[in-house]
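Please view the sequence and the model together while reading.

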Number of protein chains: 2
Amino acid sequence: MSRPALQPPRGTRDFYPEDYRRRQWLFAHFREVAERFAFEGVDAPIVEHAELFIRKAGEEIVEQLYHFTMHDRHLALRGELTPSLARMVIARAGSLRFPLRWYAIGQNWRYERMTRGRRREHYQWNMEIVGEPDVTAEAELIAATCALFGDVGLGAGDVRILVNSRALLEESLRGGVLARRPEAFEPLCVVIDKLTKIGADAVVDLLCDDAGPVSLKPAEARDVVDMLGVAGIDEAARSLPPDAPSVAGLRRFFELLDAYGLADRVDFDASVVRGLAYYTGIVFECFDSRGELRSICGGGRYDGLIEKLGGRPTPAVGFGMGDAVIHELLSDKQLLPELPPGIDDVVYAFGEAERPAAVAVANRLRSEGRRVDLVLGTPRLKRVMADANRRSVARIWLLGPDEVGRGMAKVRDLESGEEHEEAIERS
Amino acid sequence: MSRPALQPPRGTRDFYPEDYRRRQWLFAHFREVAERFAFEGVDAPIVEHAELFIRKAGEEIVEQLYHFTMHDRHLALRGELTPSLARMVIARAGSLRFPLRWYAIGQNWRYERMTRGRRREHYQWNMEIVGEPDVTAEAELIAATCALFGDVGLGAGDVRILVNSRALLEESLRGGVLARRPEAFEPLCVVIDKLTKIGADAVVDLLCDDAGPVSLKPAEARDVVDMLGVAGIDEAARSLPPDAPSVAGLRRFFELLDAYGLADRVDFDASVVRGLAYYTGIVFECFDSRGELRSICGGGRYDGLIEKLGGRPTPAVGFGMGDAVIHELLSDKQLLPELPPGIDDVVYAFGEAERPAAVAVANRLRSEGRRVDLVLGTPRLKRVMADANRRSVARIWLLGPDEVGRGMAKVRDLESGEEHEEAIERS
């Protein structure tokens, strides 16, 4: 047998016990919020037919697809969960009751040359509402993200939530560039999503690239970039008819947030468009207030995806929150809890003669639901005590020949240091 | 965009809400038992360097590896968790405290032509004790499997646990075929594991195959097969010196099981060898008592694996229990629970004017930890009531113009049918 590398593949993570406890702590919060909002858990395979993910709008997530061919099947590790969930909706559209609320916690993969310290996998919490066209759905999702932030200790001052509407942008461009080429809208959004990363001039260049999927004239491209800088909904609305649906939707969305008590948590920002092709309506992103990290979560309305994948037209809205950025933020703010192993009792036999008695004690404690480390072999007591203290154990049961001869065990409370004797067999 | 298949790749599963609840129910039992036995959760990437899994003993699990090359890296979806956990142990051997108890719940993959209705993925609960040479470790693992069976409702009559020792077989053959070629032991075990599936004659043929990795003489092969049929430890011991370590280990193991109260749950069976190359000592498998299903779980001691992967010699023992077979058994025995969605309250606004009041009620109930479905849009009350009853909801909050005008909501208990009014804002 060859000697394999000791590290997992580049860009992936091992979860040792302390990492795993933190991961499960975060996942438990995801789950708890999802359930409070009446979302049901679902999951799909991490390997899908590659075609499910392939789109032509130039998205990073598609370009970085982990894909391969086995026995003539083109397969991929999912880069995102939404297409799988959409596929599941289509497969059972006849028997599902809409609107449905689904959540998932799954691992996503992206294959890229490792240059920027980004990883190749992360876990993502997805929350999706399928079958509801009204912005009440978006408002529920924003409320759920805020509930999660609150539950993990992040206050209103720690996180900024920015909202825009792709429909607003689409309506604004409908009389212009999109009249000629409506199919340019998706790749256009993918390009302008790069604004904060590459700057306005580079975005204009990409929008005007004749070899690219958008291919605007320079003046058109400048107009698009200018639209991303408008200061508020009123300003954005000025170039649209007074009854523009996108403006009405945004206003109603903010009214709803007011009912949730969240209006002051959320700001309109015309530059937020998201980097996925399929969004059609309201989009949103959450950032740390200091702007030091990548986005904590993002989502939006994707009313066209299910139809494009072969289903009936079905409105849908969702968001994804990765485990990585929120972990960094919680770490920066010292909000990650210390999570000890969670052992209640250690049971220690002084020798092999006392082992059956130790097993009996461990058996009994476990049947009572206690978490019990039955010490294997016969390490020295001093070492066992040191380990127990390090792992925040509550009690240690000492089974020496004397005690066992009398049917008893010595029990030491490791916090108080007090000792007493207890019968091995409970009467 | 092309229209992808509606089904996930052949041999993989979608988990719709009812499937997901059952999966989480089973995982919660895995976790709960692991914690009662003081095991700590860990995880490793589902994609590893392929070399970690490749061995030359002819195992099915290696032949069916899901592997592919991307950017000159030979990668694989893990077919089993143990090599990853061994890799993790080696990478931090200096800072880990042994013996360690680790558990994991992860998905494993195998790529095979789909011919026998077997799936290409399953989830597996792994429990590993690393660093303990004594059979006290094996006994803890057997106790943990029995605890799991008990927790999900499977009694002593439902499951058979069969135990053997590869060390016993190895000691028996040491003077014979293994004296000449000790390296033949691993592939020999892999072949004889097929005994119940292909029969004694076919096993003899494989053992004698000159082109195969074992290549015994026919009389030697017959001797090996005969050893698999011995009736008990005493008979197996007859051909060995009285102080043979493997026999002493087995006897001590059964004495320990007696202390656990489990001696009558476990039988010696010389034909159990397991199909993985790396086992070295006690091996065990659990089956449904009626013998209708594949094995529910299996495991054993693998004292050589960590050293072979490049670590220090480290004794280890573990088992894996898949989610599929136990699910079938629980289903056959009607032990799978009905798990409703778990919604406490439905909140329904009669119209848009009442929506802010409905949001306020949902907000308050959620802040109290209740699981609340805030009805989106304005479906008919009749339909909302039907859905609520179908999903075992406890209460429905009705916000009509009359009630909201008085600052009240009507609350209906869906079990008793009783109604009362409650203030929207709690005083």
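Which residues in helix 5 of chain B meet which residues in helix 7 of chain B? In this predicted model, B:Arg166, B:Leu169, B:Glu170 and B:Leu173 of helix 5 are in contact with B:Phe185, B:Leu188, B:Cys189 and B:Ile192 of helix 7. Helix 5 of chain B spans residues 166-174 and helix 7 of chain B spans residues 185-192; their axes come within 12 Å and cross at roughly 120°. Because of that angle, helix 5 of chain B is oblique to helix 7 of chain B. The crossing of these two helices is right-handed.

Aromatic rings form a further topic. Over all chains, the count of aromatic pairs is 29.

| Pair | Centre to centre | Angle between planes |
|---|---|---|
| A:Phe253 and A:Phe254 | 5.5 Å | 80° |
| A:Tyr348 and A:Phe350 | 5.3 Å | 65° |

The planes of A:Tyr348 and A:Phe350 stand at 65°, so this pair is edge-to-face. A:Phe253 and A:Phe254 are both buried. In the other pair, A:Tyr348 is buried, at 5% relative accessibility, whereas A:Phe350 is partly exposed, at 40%.

Ring pairs also join A:Phe15, A:Phe27, A:Phe30, A:Tyr123, A:Trp125, A:Phe284 and A:Phe319 into a cluster.

In chain B, B:Arg23 lies over the face of B:Phe15, 4.6 Å from the ring centre. The charged end of B:Arg23 also sits over the ring of B:Tyr123, at 4.5 Å from its centre.

Notes: Residues numbered from 1 in each chain as written. Chains lettered and ligands numbered in written order. Predicted model: local features only at pLDDT ≥ 70, side-chain atom pairs only at ≥ 80, totals over all residues. Heavy atoms only, no water. Phe/Tyr/Trp six-rings, centres within 6.5 Å; stacked < 30°, edge-to-face > 60°. Buried < 20%, exposed > 50% of the residue type's maximum accessible area, 1.4 Å probe, protein only. Lys NZ or Arg CZ within 6 Å of the ring centre and 35° of its normal. Axes fitted to C-alpha atoms, helices over the stretch in contact; angles between N-to-C directions. Helix = DSSP H or I, 4+ residues; strand = E, 2+ residues; numbered from the N terminus. Parallel < 35°, antiparallel > 145°, perpendicular 65-115°, else oblique. Left-handed = near helix turned anticlockwise from the far one by under 90°. Contact = heavy atoms within 4.5 Å.
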